[in-house]
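Here are some notes to read beside the structure, written as numbered points. Please keep the model open and find each residue as it is named.

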Amino acid sequence: MKPAITVLGTGRMGSALARALLQAGYLTTVWNRTRQKAEPLGAAGARLADTVLEAVGGAQIVIVNVSDYAATAAVLRGNDVASALRGKLIVELTSGTPDGARESREWATAQGAGYLDGAILATPDFIGTDAGTILMSGSAETFEANKEVFAALGGNIQFVGDDAGLANALDAAMLSLMWGALFGTLHGIAVCKAERIDLGELGRQWAATAPVIEGLVADLIKRTHARRFESDEETLSTISPHYGAFQHLLELMQARRIDRSVADGYQAIFQRAIKAGHLHDDFAAMAQFMEQPA
Ligand code: NAP
């Protein structure tokens with residue numbers, strides 16, 4: 001028999017999670033601090049609860065998706081709710097830190113509840129689709145036992161390890177990769193604007209060079225994994241040409257008065273690597289200078 005599920009928090013993401021569960025035929029109860037935001041889900045077939053206690057009462061699985069772990073604590077850690085969680089499974093899909101997830105698991109265990117921590121690597125429109133990705137960590141056994149429920153949330157739900165902090169840790173790594181690309185794009189947009197280049201042109205050039213950049217990223221991960229920092233016959237590029245081209249970007253940014261705060265951070269890391277004698281090593285040698293503070 002399908003478990004009854006409660007979703008606490010029906011913002012943009014929580015609503016998408018609840019809709020996916022409803023679509024998969026789960027008896028779904030929702031609660032949101034601001035009740036109006038949960039009402040459209042009532043029209044879609046969810047049971048609306050007035051209080052958190054009422055919401056968790058009949059559920060076997062309690063999915064939490066609020067803004068951060070402090071909000072989760074505000075929702076779950078009152079005495080009545082904490083006792084009502086005994087014997088239930090808490091699935092924390094709120095974004096947070098690895099240590100936050102570890103502490104939450106300890107707390108849940110102390111209440112006699114099961115705990116899985118998830119990191120959603122998708123926007124709400126991907127939830128419930130084949131391309132929806134959520135990383136989960138905590139207990140492999142608990143994950144396996146509830147796999148069917150998670151499959152309703154997306155086609156790519158992966159268990160990444162027994163340490164509850166792992167999903168958030170991997171999420172942080174992926175977000176870092178994403179922000180590198182997004183801030184890089186902002187640099188590119190600023191350069192185009194300063195040089196009066198139509199942004200449509202930037203879009204076309206991005207589409208053409210994206211496979212080259214993807215290849216560089218994959219190679220960087222692979223070489224760093226193998227700690228192959230010295231240049232060899234498979235090296236795509238040493239630090240030297242990257243540094244030379246980067247100086248042109250800095251000069252242009254200076255001349256056109258483009259904000260350099262992000263670029264100056266890159267420059268500082270380049271210079272530490274070069275000072276330590278890595279100018280002619282594979283670009284992957286830069287990894288050593290990101291693994292610890294200057
Ligand atoms: P959102 O639309 O701003 O919703 C935030 C939710 O948190 C609302 O339900 C809000 O309730 C609730 N909340 C905040 N503080 C609370 C408190 N102290 N007590 C009770 N409820 C509280 O944000 P969202 O986009 O759904 O994101 C929710 C979580 O999903 C975040 O952790 C986010 O990082 C994660 N996530 C989102 C995306 C995305 O693309 N949106 C992608 C990946 C992960 P009210 O309605 O009463 O304010």
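1. A salt bridge, as the term is used here, is a side-chain nitrogen of Lys or Arg within 4 Å of a carboxyl oxygen of Asp or Glu. Glu144 and Lys147 form such a pair, and their closest N and O atoms are 3.6 Å apart. Glu144 has a relative accessible area of 48% and is partly exposed, while Lys147, at 43% relative accessibility, also counts as partly exposed. Please bear in mind throughout that this is a predicted model.

2. The chain has twelve helices and eight strands, and its C-alpha atoms fill a box of roughly 65 × 40 × 30 Å, taken along the principal axes. Of the 294 residues of the chain, 40% count as buried. When contacts between residues at least 6 apart in sequence are considered, 61% of them join residues at least 24 apart.

3. The domain assignment divides the chain into domain 1, covering 5–162, and domain 2, covering 198–289. The centres of domain 1 and domain 2, taken over C-alpha atoms, are separated by 40 Å.

4. Which residues have the most contacts inside the largest nonpolar core? They are Leu21, Ile63, Leu93 and Met136, in a core that has 31 residues. At least two residues of this core are supplied by each of strand S1 (5–8), helix H1 (12–23), strand S4 (61–64), strand S5 (89–92), strand S6 (114–120), strand S7 (133–137) and helix H8 (147–151). The largest share, seven residues, comes from H1. Another core lies apart from this one and has 23 residues, among them Ala55, Ala59, Val75 and Tyr115.

5. Leu21 deserves a look of its own. If neighbours within four places in sequence are left aside, Leu21 is in contact with Ile5, Val7, Tyr26, Thr28, Ile63, Val149, Ala152 and Leu153. One of these partners, Ile63, is also among the residues with the most contacts inside the largest nonpolar core.

6. Not counting residues up to four places away in sequence, Gly118 touches Glu92, Leu93, Thr94, Ile134, Leu135, Met136, Ala167 and Asn168. The C-alpha atoms of Gly118 and Gly165 are separated by 9.1 Å, although these two residues are 47 residues apart along the chain.

7. Asn146 is found in the loop between helix H7 (140–145) and H8. At 15% relative accessibility Asn146 counts as buried, since the limit for that class is under 20%. With neighbours within four places in sequence left aside, Asn146 is in contact with Ile61 and Leu89.

8. How many salt bridges does a search of the whole structure find? The search finds 15, and one of them joins Arg256 and Glu195, whose closest N and O atoms are 2.8 Å apart. Arg256 lies in the loop between helix H11 (239–255) and helix H12 (261–275), and Glu195 lies in the loop between helix H9 (166–194) and helix H10 (199–225), so this pair ties together parts that are 61 residues apart in sequence. Arg256 counts as partly exposed at 43% relative accessibility, and Glu195 is partly exposed with a relative accessible area of 32%.

9. A further salt bridge brings together the side chains of Glu234 and Arg228, at 3.0 Å from N to O. Glu234 counts as partly exposed at 45% relative accessibility, and Arg228 counts as partly exposed at 29%. Through salt bridges that share partners, Arg223, Arg228, Asp232, Glu234 and Asp282 are joined into one network.

10. Finally, there is the largest pocket, in which about 2,300 Å³ of space lies. The pocket is lined by 46 residues, and those that lie nearest its centre are Gly180, Ala181, Ile213, Val217 and Tyr266. H9, H10, H11 and H12 each supply at least two residues of the lining, and H10 gives the most, with 15 residues.

Definitions and conventions: Residues numbered from 1 in each chain as written. Predicted model: local features only at pLDDT ≥ 70, side-chain atom pairs only at ≥ 80, totals over all residues. Heavy atoms only, no water. Core = buried A, V, L, I, M, F, W, Y, C linked by side-chain atoms within 4.5 Å. Buried < 20%, exposed > 50% of the residue type's maximum accessible area, 1.4 Å probe, protein only. Helix = DSSP H or I, 4+ residues; strand = E, 2+ residues; numbered from the N terminus. Contact = heavy atoms within 4.5 Å. Domains from an automatic or database assignment. 1 Å grid on protein atoms, 1.4 Å probe; cavity = no way out; pocket = protein on both sides within 12 Å on 5 of 7 lines; lining within 4 Å. Points joined across faces, edges and corners; volume = space filled by probe spheres on them.
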